[in-house]
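Student: Could you go through this one with me? I'd like to start with domains and then move on to contacts and cores.

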Amino acid sequence: MTLSLSGATYRYAGAPRDVLLGVDLSVTPGRVLGLIGPNEAGKSTLCLVASGLAPASIGGRLQGSVTVDGVETRSLKPHELAQRCGVLFQNPTTQLSGTAVTVFEELAFGPRNLGLPVDEIVGRVEWALDTLGIAALAPKDPARLSGGQAQLVALASVLALRPAYLVLDEPTSQLDPQGTRLVGDALARLAGETGTGILIVEHKTELLATMADEVAVLDAGHVVAAGPTAQVLADPELLARGVEPPAAVRLRRALDAVGLSLDPALLAEPSVGGAGTIDRPGSGGGRA
Amino acid sequence: MTADGEIGTRRSTLPEYVLRPTSGPYRSLNPATKLIIGIVEVVAAFVVGHWTGPLLVLLVIALVGWRAHVTRQLLLVGSLTLPVVGSILLINTFLLPGATDAILRVGPLAPTWSGLAFGLQVTLRLLAISLALALVYLTTPIDDLLSDLEARGLGRRLVFVVGAAVNTVPRTIERAAEILDAQRARGLDTEGRFWQRARGVLPLAAPVIFGALTEVEEQTMALEARAFSAPARRTVLRPLPDSAAQRLLRWALFLGAVAAVAGEMAGLLRLP
């Protein structure tokens, strides 16, 4: 059971060249895979391909295989994909429906489309709000939110569909450090406690260091490195690829350069998660 | 939040701010009823007599607006039509073809009584139609209206397009203001003489239009990612009140409007 890309090569409709070239990646339930890389590397395109929106919704040519729990995304309809693999884009304002009067109703938009009973919709919305700690936003007008709040609401809207996998394209791009940490903690707990597999594109390597189980580096459409988070983020080639390593890695290198050394435990990233658990409504916790 | 339906180990129901209870007899009507009333008012203002229809409709709107506490907003809407109705009145008063009953003559200008009367009729019709639609808008949340129409079988996509279009207006205005500020910060002169202002239109309009178009694709994908195209009948989050009496009223109004149109076309309605 995985979200898997195997030899995935993708070209936008009318484009002269491929944006992704033979990408092999897999996201397993309960694990977080971070994706980093320079601008124009193809990260956002990979999100579209992984979530099945490309080519289903935007056209283009996909070669290779993209599967969700063994099912080719090309064989699934968009609404079927939405329940298996949720996707969040960079710009939160384009992800809100624009028709809801309150944040609560905005979150209910997806479950309503599925024709779920009102009770279940309410449960899912409350659960998504609680998971991201934004219950206080529920009565607010979605059009009047700050960028960071809108991003959290957009993420909660995806969570309300209870997908088995999440594909997140820079979900913290508009968040302050506190909001970033909140989202990081929530996602890590979501993966750990409900078995959601998460693919997250993120420039903030500090965040990935604390929440990702593995990291892959994408450059010019190729996966050029992949492995355990600590190993990939400590790769000396990372900076040359346009990705800034976490502060702990940079500090360690700076100390090494002047011949100093510290106990590695002092430079280890703190684990995330913390107190509290996530109870997925109607599922009794983890996913079968 | 009260508890009502069971979800896992939790019991939940819709919060009060989603239920949005309405107050007052008119506001509490089903959105479809208010829409039908509005449409019938428009029809009546247009086809019933020369003066009777528009004046009757304006009277009804004034009474309902007073009871629904939207008189001030209606007056504002009415004032917004002044430039249009003023020009209609002037043009007809001075330039109605075939009119010879001059009120007075000032050089080449000769306003006529029949032109003034016709202009007033058109003005009243326009005002009645504007206020009838405004009354529906002011007393019915657009979300309620669309939800109700969707529950009655109107297509999900059509409902969404209408709802999104209505809600896009304030966002577009905000975006235009942001772009205007950004262009000013870069030295664009948007004030002063007419030609200076005119030169500023393109740098303002182009980003607004192209920005909106660029967002459409991402919005479309975001909708797909939220199961918008699911074949299931969309859940109505909060059913809106309706009754047999309202259904009867809607049919009566509809049939009355049809009868009025037919009567007017057949020349049976001889109202002033």
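Student: What does the domain assignment of chain B give?

Tutor: It gives domain 1 (24-140) and domain 2 (143-232), with bounds taken from an automatic or database domain assignment. This is a predicted model, in which local features need pLDDT of at least 70 and side-chain atom pairs count only at pLDDT 80 or more, while totals for chains, interfaces and linings use all residues. Residues are numbered from 1 along each chain as its sequence is written, and chains are lettered from A in the order in which they are written.

Student: How many residues of domain 1 of chain B are in contact with domain 2 of chain B?

Tutor: 5 residues of domain 1 of chain B are in contact with 5 residues of domain 2 of chain B, contact meaning that C-beta atoms, placed from the backbone, lie within 7 Å. The C-alpha centres of these two domains of chain B lie 30 Å apart.

Student: Switching topic, how many residues does the contact take from chain A and from chain B?

Tutor: Chain A gives 44 residues and chain B gives 39 residues.

Student: And which residues have the most contacts inside the largest nonpolar core?

Tutor: They are A:Val49, A:Leu107, A:Val153, A:Ala156 and A:Ile198, in a core of 102 residues. Such a core is a set of buried Ala, Val, Leu, Ile, Met, Phe, Trp, Tyr and Cys residues joined through C-beta atoms within 7 Å, where buried means that 20 or more other C-beta atoms lie within 10 Å of a residue's own.

Student: What is A:Ile198 in contact with, leaving aside neighbours within four places in sequence?

Tutor: Its partners on that basis include A:Val27, A:Leu166 and A:Ala191.

Note on methods:
A residue is buried if 20 or more other C-beta atoms lie within 10 Å of its own, exposed if 12 or fewer, and partly exposed in between; C-beta atoms are placed from the backbone. Two residues are in contact if their C-beta atoms, placed from the backbone, lie within 7 Å.
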